[in-house]
Amino acid sequence: MSVSVFDIFRVGIGPSSSHTVGPMRAAVRFSRELVESGLDQKTNRIWVDLMGSLGATGIGHATDTAFQLGLMGMLPANVDLDAAPKILEAIRTEHRLTLPSGKVIEFNPERDIILSPEKVAIYHTNAMHIIAQDKDNNVLLSRRYYSVGGGFIVESDPNNFDKVSEEKETIHTKAQPYPISSAADLMKWCEKTGLSIPEIVRANEKVWWETDEKINAQLDYLWSVMKDCVARGLKNEGIMPGPMKVKRRAKQMYEKLDFEKRSLNDPLAVLDWVNAFAFAANEENACGGRVVTAPTNGAAGVIPAVLHYYMKFIDSADIEGVRDFLLTAGQIGILYKENASISGAEVGCQGEVGVACSMASGGLAQVLGATPQQVENAAEIGMEHNLGMTCDPVAGQVQIPCIERNAVAAVKAINAARLALLGDGHHYVSLDQVIVTMLKTGLDLQSKYKETSQGGLAVSVVEC
């Protein structure tokens, strides 16, 4: 396995992992190569061609601003979100951009960020081609990157755009004690060793992270970012960015829950809490806040909402349970990443919210006492009833239907875990089978239903 749980869970910024986080990381890689090769001192202009889905919904997904910040060397996990607007405004008005080396170049976003939705690359629709030129317009460096979902990027061969190299940051070469390429492998190791799923995953991660303390510290950090994200979302109010002027709702939802205390006489009031938690995280994402890709930004509200449900409403909940939840969910996400896709632009929203639902279903089942077979069943249920889900963001914004969709998926994940716990782990459709089915279904979807805002709700709402 070349992907770690901590590759699936990344700390980034909204509103999109494939359209914001990925392009920012690609721009950072390009500028670093430019500086390390010494070509930055000769550079007069840098421009980018955003193709396919990046060109179609890039403005609504903040691809243009992420690219500029990335060229300056800023990464999603540590960019100063308070300072960024002023930096971007200065670039827009002064037409000057500072590379990581300190070299200042001319940069006009209207001229140097080209949107080409009609150009759909064979390898992946999320393609971006970056070119650096000298004062005589000679090409100094030319690179094409693909943002393949979840913030992951791959770089093409300069001589063959359909041939790509693995992402350097996610190549883990040390052999693991329990190699896993399928859910069947995972079940085999659990049966053979008597270990639980999180114990198997932890043993594999320890090869790369060395100690339980390091693994726990990283898991706790991810949970802290999720908690902070939800807390901000429950506190902040106002209008979200974009032409639709959508009002934030999480704070109002949360205040109604606090004041009415309906949980005392309404057994389903817990679902209102789950909805509020999911709304909080995804409204923060829509506003460009800091989130954890889980496995993507567009689906970043599902797992935090279910984890908050676990911590608030399950009496036995503790930090060890949170860690086991994340290890289990992360491994399920890896199976989708390695055997299918977590890119809405490639397979529709089933690859984002659907995968998040599957991950949360398995993670929750684990901490509620499920056997490995019941966990696998829960993850399968979580995806089976999201098959065929389109990605059709209205106005190219990660708001409608994305925010409500996360809330619905979080509730669905809780139900999937409970369904699995009512059974004995035996079921007709395996997790491996549903993963393959998701991929095939996604490939069959027309491109207008895959993060292009050219079909579905994206056009129906406008027409109405």
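## The surroundings of His129

The side chain of His129 makes a polar contact with the side chain of Ser142 at 2.8 Å, and another with the side chain of Arg144 at 3.3 Å; a polar contact is a pair of N or O atoms within 3.5 Å, where within protein one must be able to donate a hydrogen and the other to accept it, and where residues adjacent in sequence count only if both atoms are side-chain atoms. The model is a predicted one, in which local features need pLDDT of at least 70 and side-chain atom pairs count only at pLDDT 80 or more, whereas totals for chains, interfaces and linings use all residues. Residues are numbered from 1 along each chain as its sequence is written, and side-chain values use heavy atoms, with hydrogens and water left out.

His129 belongs to strand E6, residues 127–133; helices (H or I, at least four residues) and strands (E, at least two) are DSSP runs numbered from the N terminus. With a relative accessible area of 10%, His129 is buried, where buried means under 20% relative accessible area, exposed over 50% and partly exposed in between, for a 1.4 Å probe and protein chains only. When its neighbours within four places in sequence are left aside, His129 is in contact, meaning heavy atoms within 4.5 Å, with Trp47, Val48, Asp49, Met51, Ser142, Arg143, Arg144 and Phe161.

Among the buried residues of H9 are Ile215, Leu219, Leu222, Trp223, Met226 and Cys229.

## Packing of H11 against H17

Two packed helices are described by the angle between their axes and the distance between the axes. Helix H11 (residues 269–286) and helix H17 (residues 402–422) pack at an angle of about 140 degrees, with their axes 8 Å apart; axes are lines fitted to C-alpha atoms, for helices over the stretch in contact, and angles run from 0 to 180 degrees between N-to-C directions. H11 and H17 are therefore oblique to each other, given that angles under 35 degrees count as roughly parallel, over 145 as roughly antiparallel, 65 to 115 as roughly perpendicular and the rest as oblique.

The residues that make this contact include Leu271, Val274, Ala278 and Phe279 of H11, and Ile403, Ala407, Ala410 and Ile414 of H17.

## Backbone exceptions in loops

Most residues other than glycine have a negative phi, and most peptide bonds are trans. The peptide bond from Gly14 to Pro15 is cis, with omega near 10 degrees, and Pro15 lies in the loop between strand E1 (10–13) and helix H2 (17–36). A cis bond also runs from Ile400 to Pro401, with omega near 5 degrees, and Pro401 is placed in the loop between helix H16 (372–384) and H17.

Glu210, in the loop between helix H8 (197–209) and H9, has a positive phi near 75 degrees and counts as partly exposed at 48% relative accessibility. Lys245, in the loop between H9 and helix H10 (250–260), has a positive phi near 55 degrees and is exposed, with a relative accessible area of 58%.
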